[in-house]
Amino acid sequence: MIQTENRTAVIRERIEKIYKYLYRHKEYINRLNVFPVPDGDTGLNMTLTIQGALANLSDYEKETISTGEYLKDFAEQMLINSRGCSGVILSLYCQGVSQVIVNSDFSKENIFEALENGYQNAYEGTENPREGTILTLMREFKEKYGELMKEENDTVIIIKKCIPYLKEVLKKTPDMLPVLKQAGVVDSGGAGFVIILQGINRELKINELAFSSLPVSIILNINRATKKYLNGKLSNFNKNSIAALLPHLGIEKLHNIRLHNIIEDVKSLINNLQSNRNRLLNKKAIISDLKDMENSWNPEIKLKYCTEFVLETNKISSKEQIKEIIGKYGDSLIILNSGDKYKVHIHTHKPDSVFKDVSKYGELLFTKVDDMKKQHRNFISSNTIDYEREKSVFCIVSGEGFRKILKELGADDVLCYGKNKPSVEHIVKELNKLRTKNIIVAADDKDILMALKYAASLSKSNVNIVESNNVISLISMMMGISKELDITTLFDSIMNSLNDIRFCGIARSVRNTTTENGKTINKNDFFTVYNGKIILSDKNVEQLINDTIEELIKEESLITIYKGIPVKKQKSIIPKLKKSFPELDFEEYYGGQYQYHYYITFE
Amino acid sequence: MNKKILIITADNLGLSKEQIHYPDIEILKFPVVVNDKEYRGSNEYTAQWLNEKYLKEKVVAKTTSIVKGELIEIAEKNKDKYDLIIHVVMSSVMSIATFAIAKNVKEMYENTIPIINIDSRQVLSGVGNVLLGVIDIIKKNNNTDDIVKLSQEVIQNTFNYFVMADLNYLYRGGRIGKAKALMGSVLRITPILGLMGDDEEGQVIPLGKGRTFKQVNSKIIDLIKAKMAEKPVTVIKRLNITGFGDNEEAFSDLEEKIKTIPCDDFIIGKADFAGAVYCGPKSYSVAISI
């Protein structure tokens, strides 16, 4: 094993390669995800768990750290950064393994002990452990390892020899967990575990095995088409296009075991029809199989939110205490403990109640809520989105200048709609383009809010809407944003900073009008709107801006002018303003808004 | 037995020598290359000198690692006079080469005199805070293991906040890290960057931004208060504010605001020549140890 001076860098590099290997198979794993909830994110959760640990454990030099100690630190980071059921169980396993090899003893006997401890740690940490899941693979791994170590001395060879066996075990997971069999897949977490072992194997310079699969939506489309075909008139069987297709369908490429078997049955049915129309196979049984399979991908999701948090507390001394506090809110409860920190995963309808109850005992360092129903809809749809990011910030604005400003302040994408407000369809398209699990979205006009809410319900992401009504709020939001925060905390901090910047708008009247306090504004006069009310007006815009600043300035030192489309080509008004207000700083930018000639902010 | 301990560090501390109350100290000088000519910090070559060059002549400046020969010279000169050498080094993430030199020299003297290399994981006044923390430790305890352990606590509890008026200086110096996200904005923004002692990555990170110096000063106060609440402490052990010049009003505003935070040792630091390479005019920093 690695005992060089820069061993931590070497280990990190190897873990990075294993992570990349797993990442390349992320979609394959996602597409197998039917248990406990078919929300298509097992691969993402496993990769995010390792990615989080990599990000938080740099390869800085610790002069005294050993390989075992580094791996233990890494496993602790995995625990804190674990995502979803599979990520949590994987990190529990790694914690257990690392607890034994912390002594840097990589003999075959010690590795065996580590694998045993890893399995025990994962098994005991899982509420309601089930066979046919990643836990089965973990147990079978240590048992096969134990068997092979009697005849092999080299740990690397033993691990290599375990992999074909584990692939066989993986194939049998549908026999252990009925929901997998109905859906026609092997266990996703188990598949991820085997892929990680293959990644380790590869790192040890041993050959790899390839995985591939069709998206769930295509599997379900084949299922439906076959069902439709079988439901048709028997006399039309040979006229149906799928009948012509089926004999040529390369079913060896169908990695969905159940569909594979059903298609074999259908082929057999067709062949029998051709040879002897009187000997029909049990058509009803095949249709029933197809229905069962489809249903397994469409279960009733009783608890909508996959909820996770990290609680730092000195008031709680055991996992049982946490279970007592929040167990009533849901199922799939997994609690991990590292020092005074508890990482908790639960499926619930009431994430807010969960957070509220536990926050009485300490500080919530991290929270995450995924809408599993929405993820499931995306997962089985014909245009599934493969999530590439955990969170994004999306803004909707009218002005091109503001689009650039917000993008450069850190918005992941900005939709510039110009004069015509965006349609629901347009917003949905833009939201889906982000390929993000959680999106925070804000628009510069309250009239967009309705469309935005509807679009959010149709989009494939969890959308958090910031109910903003002007573009300056969006700048304020982006000025205060810190993307390092988890989505809940980030959203709260945005809501708190939304009105940090005072501003007013200068527009031109298109008709004669009277203000609330009885003042007349003639057509073509300019007027100032502040906090939704007209406060000043004048024929001369420069005079009006002067008066507005005088009226509204408090302790601020910076005045920013955002020019709208009507004054795009007009000369800067800053030189004159500087003469009037020498003690203030002025800046001018092009905002590109349609309604207001100018926005003026006070900071 | 009372050990005789020599401390070695370099001149990117945010402190003048007079502010370091420890007699047995050697301070290396980082080479600063301005338009291909090498300089060292002195009464003539200061942060202010470099700022003027930046503003008037648009020069390009960079630093290089400490010079190995100079470190060896110090070790050679003192190996028989002391029982232990402690080398407080700037962040190994920020300067891999400097830390590698320190490590190499430690190995060279393995059989001659023990050397402890303390990776401060900091720059500028953050290094200064770690240095003063280490001095506090050795004044009370000269057990080597204890010094190493307690120094780690100081490092983990030292936090540095920088206000950089122009991130291009940091960018050109290759030290921008994750703060690159704050560059190139149409809207003029003043970023707050940080080097957090408890951040495993040890990179410069963006902590916030403001449109005015007064805004960023208020945000720094909020960040410090949040850090105090997180730890939790009610009083800061040591606080160093260092200004790189040409921004008196903002610095005074910061000083006024920061004095509202309870602190045992309040220091107005000295902008150093090497640090000015990356900070540029109008910048300032706040380092706290809690």
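Which residues is B:Ser285 in contact with, leaving aside its neighbours within four places in sequence? I began my notebook with that question, and I set down the ground rules before answering.

**Ground rules.** I am reading a predicted model, in which local features need pLDDT of at least 70 and side-chain atom pairs count only at pLDDT 80 or more, while totals for chains, interfaces and linings use all residues. Residues are numbered from 1 along each chain as its sequence is written, chains are lettered from A and ligands numbered from 1 in the order in which they are written, and side-chain values use heavy atoms, with hydrogens and water left out.

**Entry on B:Ser285.** I looked up contacts, meaning heavy atoms within 4.5 Å, and for B:Ser285 I found B:Ser125, B:Asn160, B:Tyr161, B:Phe162, B:Asn240, B:Ile241 and B:Thr242, with neighbours within four places in sequence left aside. With B:Ser125 there is also a polar contact between the two side chains, at 3.2 Å; the term stands for a pair of N or O atoms within 3.5 Å, where within protein one must be able to donate a hydrogen and the other to accept it, and residues adjacent in sequence count only if both atoms are side-chain atoms. B:Ser285 counts as buried because its relative accessibility is 1%; buried means under 20% relative accessible area, exposed over 50%, and partly exposed in between, with a 1.4 Å probe and protein chains only.

**Entry on strand E13.** I placed B:Ser285 in strand E13 of chain B, where helices (H or I, at least four residues) and strands (E, at least two) are DSSP runs numbered from the N terminus.

I then asked which strands pair with E13(B), pairing being called when DSSP finds at least two bridges. Strand E8 (residues 158–163) of chain B pairs with E13(B) in the antiparallel sense over 6 bridges, and B:Tyr161 has B:Val286 as its bridge partner. Strand E11 (residues 236–243) of chain B also runs antiparallel to E13(B), joined by 6 bridges, and here B:Gly243 is partnered with B:Tyr284.

**Entry on B:Ser283.** I found B:Ser283 in the loop between helix H9 (273–279) and E13 of chain B, and at 2% relative accessibility this residue counts as buried. The side chain of B:Ser283 reaches the backbone nitrogen of B:Ala165 at 3.4 Å. From B:Ser283 to B:Phe251 I read 8.9 Å, C-alpha to C-alpha, although the two are 32 residues apart in sequence.

**Entry on the domains of chain B.** I looked up the domain bounds, which come from an automatic or database domain assignment, and found domain 1 (5–32 + 64–155) and domain 2 (158–289). Their C-alpha centres lie 24 Å apart, and 27 residues of domain 1 are in contact with 32 residues of domain 2.

**Entry on helix H10 of chain A.** I checked H10(A), residues 188–203, whose 16 residues should span 22 Å at 1.5 Å a residue, and the end C-alpha atoms are 22 Å apart, which agrees; the expected span is 1.5 Å times one less than the number of residues. Since 14 of its 16 residues are buried, H10(A) is largely enclosed by the rest of the structure.
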